[in-house]
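Me: I have a model open and would like to talk through a few spots in it. Could you start with how you use the word "contact"?

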Amino acid sequence: MKKQIFAALAFILALCSNAQTASAATITPTGNQVWWGYFNESDFQTLDDIIGTGNPMTLMAAIYVPANHEQLGASTIKAIRVYLSSSVVSSLSDMKIWVSKNLPNDISQADYVEDVKDALVADANDFQLTTPYAVNNEGFYIGYCVTSSTGYFIRVGGKSIPNAAWLGNPAVNMNWTDLNELDLGKLAMQILVDGGDFKDYGASANNFERTVVALGETVDVPVEVTNTGKNTITSLSYTVTVNGNTSAEKTISSLNIPYGAMTVVPFAVNAETTTGKNATTITITKVNGNTNETANNKSTGYITTVETLKAWTRNVLIEEFTTEQCQYCPQAAKGLSSFLEKYPDTANRVAVACHHAGFGTDWLTLPASSDYCWFYNEGGSVYAPAFMYDRYAGKSYTPVVSREIDAEGYKKQVEKRLDVVAYADVHISPVLNTETNTIDVTVYCERGWDYSITPARLTLFVTEDNIIARKQVGASGMFIHQHVVRAVNDTWGEVINWTGNEMLTKYSFNIDPSWKTDDLKVIAFISEYDSTNPAACNVENCTVESLTDTDGIKDAKASTTAATYYNLAGQKVDKDYKGIVIVNGKKVVRK
């Protein structure tokens, strides 16, 4: 899967300088050597999980090992292993490997640089350092520099963690970035370590996110666990500490976590005997029945015990930033429409809203759409096409991400959110009132518990499909806009006044004469809003409905106009095209 990491970059020349030479080979560890890295082969999600800027260029990629590292502090680095994608390896040239205590502005400033002389191959490429690098308990960056004739070529995989993927080239105004901030995975790279301090049994744990459990119940708390020991983890023993009280030891069996791999492990935790929020510590005491030799063996977080707990299946809100000035927006629309057509079961759990902002404005821009550019980085640099999925930022400072390339990319983003349980639900009944020329919406909200950090808010969008573009850049012939936001009840949503865990309310929207009522939908979603933090405005759940007439009857009018067919991306297709097509401005399913 290809992922774009930056919106716009100038054309550049390769900046790698000549130095020593290294060759690709398969190196087998000997003696006290081991291949180490944040990345593990089990982190590969696809055979083609690559990132880039979308432009051919030279990039430097690296990982960072902090000073006084528990395992590597007194070791020597003998080699680097770089995983390359089979789809782009032939496009790569001028590969160099490098080590440096500080991030260089260009490759010539690195402390140690070697040319790679042999042909690159798909998957693992092992490059031995002519001069081994002594760590001496100092922090260091280690990685590679490569030039590509294609726009996506840096291979990644797995779940993002700090320091596992740095990318940049300051010489061309591309500042170094820890990709953990963008949640793009770990750099597919390892290093051959000689003389490190590697224990036989080790399991380190990251802290867990806030969790809820009902009185008398047990909750599985998901914790990211990394195997830092030499032996594959088959079982973990642990204790739970709350308010100074530590539980008896429990054991999780039937695990298979190889050395270096990170896996989410569910730890069963019993509810407290009284309701309330409690700081909780899960301590991994043993690995395979042996003492856990890793210092970082605790996972902490908050678990809230409630009297009763109700949860719902999640629907996902996709918000797209797009304008008619945006050259690549038609491609993004094509990918999104392909996802909606190719995966209807997933698409049925999705609501899509397009904000005409992010790359200038156009005749479809609403004031609220411009206000939403705040999500990029509190109103910082903006671009389009761009997307938000439930306004969820993960570990990033912004919920805005660049477009996916194909249907599978959008599906993957949506499925990440579908896997998360929702603690609120929303239902709407939008009615077309022809007497008042309004859309009258009845809204019912329900929550399972008081989950929100900031007060929960309700936002309604009115969207319209099948709007013919006036002048869409990057499109040939007629282009048709879909999912365009036409009206908003309140930019940041209205605070929900709960009665217990329920709320019933009504809204009305005036219908603009230019709107086609048959193409209107209403989206409703419950979210949080923190005016100081774009990454703290998650959508808890959403729904989307078409309008119904007050009398329940819609007129069916036959057209005598010669039919012209377009797909959902606004591209003209022939009459035998299968899928959802637009015929004379109306959606039709062609099988």
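Reply: By contact I mean heavy atoms within 4.5 Å, and please keep in mind that this is a predicted model.

Me: OK, then what is glutamine 472 in contact with?

Reply: Leaving aside its neighbours within four places in sequence, glutamine 472 is in contact with Thr323, Glu324, Cys326, Cys329, Pro330, Phe479 and His481. Glutamine 472 itself sits in the loop between β34 (467–468) and β35 (480–481).

Me: Is glutamine 472 buried or exposed?

Reply: Glutamine 472 counts as buried because its relative accessibility is 9%, and the cut-off for buried is under 20%.

Me: Switching topic, which residues touch the most other members in the largest nonpolar core?

Reply: Those are Trp36, Tyr144, Ile154 and Ile191, in a core of 52 residues. Strand β6 (residues 57–65) gives the most to this core, contributing 5 residues, and there is also a second, separate core of 30 residues, which includes Val443, Tyr451, Leu458 and Phe509.

Me: What about the open sheet, in what order do its strands come?

Reply: The order is β17-β19-β23, with antiparallel pairing, and the edge strands are β17 (203–205) and β23 (262–270). Between β17 and β19 (residues 218–227) there are 3 bridges, and alanine 203 stands opposite asparagine 227 in β19.

Definitions and conventions. Residues are numbered from 1 along each chain as its sequence is written. This is a predicted model: local features need pLDDT of at least 70, side-chain atom pairs count only at pLDDT 80 or more; totals for chains, interfaces and linings use all residues. Side-chain values use heavy atoms; hydrogens and water are left out. A nonpolar core is a set of buried Ala, Val, Leu, Ile, Met, Phe, Trp, Tyr and Cys residues joined through side-chain atoms within 4.5 Å. Buried means under 20% relative accessible area, exposed over 50%, partly exposed in between (1.4 Å probe, protein chains only). Helices (H or I, at least four residues) and strands (E, at least two) are DSSP runs, numbered from the N terminus. Two strands pair if DSSP finds at least two bridges between them.
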